[in-house]
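Please walk through this fold with the model open beside the text.

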Amino acid sequence: MPVMRLNVGPIHPSTHGVLRLVVDVNGDTIEHLETHIGFLHRGIEKLMETRMYMQNPSYTEKMDYVAPLAWDDLYVNAVEMAQGKEVKDDAQYARVILNEFQRIASHLLWLGTFCNDLGQMFTMFMWCFRDRAQVIKFLEDVSGSRMFYVNMRVGGLDKPLPPNFKERAYKLTDYIENHITEYPGILDGNSIFLERTKGVGILKRDDAVNMGAAGPVLRAAGIEEDVRKAAPYYKYGNLKFKIPTSNKSDTYARYRVRYEEMFESIKIIRQALDALPEVPDVTGMPIKLIGPQANPAPVLVRHELPRGEGIIYMVPDKQRPYRIYMRSPTYMNLSLLEKIAVGQKFADLFSILGGLDVIMAEIDK
């Protein structure tokens, strides 16, 4: 049968952004695939080199509109290292709590949209968005903004935590834990979900390492790697949690790793809340156009973002980045698609792509 070339995207509901795939199929089997990116390129890194340090969080947050707080935190931490500023102890716990809630919200959005992509699973989409809305409301009440928080400041947060912060956070962990426990009742007994995820999009362990896979995609290939354990930052070194992994390496394994990570995030949040005083001191430095002078030594910072290891390498100037490079985990994971989609059925392409959880705004930058 002759090979047929199909264009998918750049505007397609299942690419979750502007992504073009050129797919050669023989019958319904994928023989070759190319990814074309760059439709959303904004030159963020170069723009940041023309702005003062604390003018830049609004750029970094928009790289990942599903987990903006995580990139905000990573960038401000890089500025803190450049300026030699310590993060207050209470603020470190508060950042851990907020980042883990952000991870839960990100995984919930992924799971809901992933199930919707697979078809006939709109109930899961609604359940995930119902539960994510509770987390987003909590983050909004802490920061004053619903989507782009810009809540990190050098040394801490923008404002003090609300008086009932701990009480609400404990209740929210109970709520999330109770609701996500119901998810496998729908997914793990659903033949459509299982047929479209199990044994689909297998990524070999060696390929995952050699091609730089990150986050849940890497851990679903059997690699126990997590920056929170490997190079603990803030108070993660004081907290007990596991790193979910799987040796199945397929799309189902990626779902299970993210699902189990939400329970680990809940454990982390509860421990951090236990350690947080009733009246924590978390407020950082107010934003000023001229801030503390940065040291000229290059800075390398890495955090475990919801989609994997995010890295910032920055050569500081006194009041602005002289050069800055940001390594996106989803860029690394999207590069795997050409490897794992070949030989699969075309109908499974969006199950495989969805399992990688890519954010095109972060890839294109």
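Buried means under 20% relative accessible area, exposed over 50%, and partly exposed in between, with a 1.4 Å probe and protein chains only. At 15% relative accessibility, serine 246 therefore counts as buried. The model is predicted: local features need pLDDT of at least 70, side-chain atom pairs count only at pLDDT 80 or more, and totals for chains, interfaces and linings use all residues. Residues are numbered from 1 along each chain as its sequence is written, and side-chain values use heavy atoms, with hydrogens and water left out.

Stay with serine 246. Its place is in the loop between α11 and α12. Helices (H or I, at least four residues) and strands (E, at least two) are DSSP runs, numbered from the N terminus. Contact means heavy atoms within 4.5 Å. Not counting residues up to four places away in sequence, serine 246 touches Arg219, Ala220, Ala221, Gly222, Ala253 and Val257. Arginine 256 is 10 residues from serine 246 in sequence, and their C-alpha atoms are 8.2 Å apart in space.

Lysine 235 sits in the loop between α11 (227-230) and α12 (251-275). Is lysine 235 buried or exposed? Its relative accessibility is 15%, so lysine 235 counts as buried. Its side chain joins that of aspartate 89 in a polar contact of 3.4 Å. A polar contact is a pair of N or O atoms within 3.5 Å; within protein, one must be able to donate a hydrogen and the other to accept it, and residues adjacent in sequence count only if both atoms are side-chain atoms. Setting aside residues up to four places away in sequence, lysine 235 touches Asp89, Gln92, Tyr93 and Val96. Tyrosine 234 also belongs to the loop between α11 and α12. Its phi is positive, about 50°, although tyrosine 234 is not a glycine. Tyrosine 234 is buried, with a relative accessible area of 14%.

Now turn to the core. In soluble globular proteins, nonpolar side chains tend to be buried together. A nonpolar core is a set of buried Ala, Val, Leu, Ile, Met, Phe, Trp, Tyr and Cys residues joined through side-chain atoms within 4.5 Å. The largest one here has 78 residues, of which Phe101, Ile104, Leu111, Phe138, Phe165, Phe193 and Ile312 touch the most other members. Helix α4 (residues 89-118) gives this core its largest share, 15 residues. Another core, of 28 residues, lies apart from it, with Leu33, Val200, Val217 and Ile363 among its members. Phenylalanine 165 touches Ile97, Leu98, Phe138, Val142, Leu273 and Leu276, again not counting residues up to four places away in sequence.

How do the helices pack around α4? Take α12 as one partner. The two axes are 9 Å apart, and the packing angle is about 155°. That makes α4 roughly antiparallel to α12. Axes are lines fitted to C-alpha atoms, for helices over the stretch in contact, and angles run from 0 to 180 degrees between N-to-C directions. Angles under 35 degrees count as roughly parallel, over 145 as roughly antiparallel, 65 to 115 as roughly perpendicular and the rest as oblique.

The next partner is helix α15 (residues 349-356). Its axis comes within 9 Å of that of α4, and the two cross at roughly 175°. α4 and α15 are therefore roughly antiparallel to each other. Trp110, Phe114 and Leu118 of α4 make the contact with Ser351, Gly354 and Gly355 of α15. α15 is mostly covered, with 8 of its 8 residues buried.

Tryptophan 110 lies in helix α4. At 3% relative accessibility, tryptophan 110 counts as buried. Beyond its neighbours within four places in sequence, tryptophan 110 is in contact with Tyr255, Arg258, Gly354, Gly355 and Asp357. Aspartate 357 lies in the loop between α15 and α16 (360-364). Its phi is positive, about 55°, although aspartate 357 is not a glycine. Aspartate 357 is buried, with a relative accessible area of 7%.

Finish in strand β4 (residues 20-26), where aspartate 24 is found. At 11% relative accessibility, aspartate 24 counts as buried. Its side chain makes a polar contact of 2.8 Å with the side chain of arginine 5.
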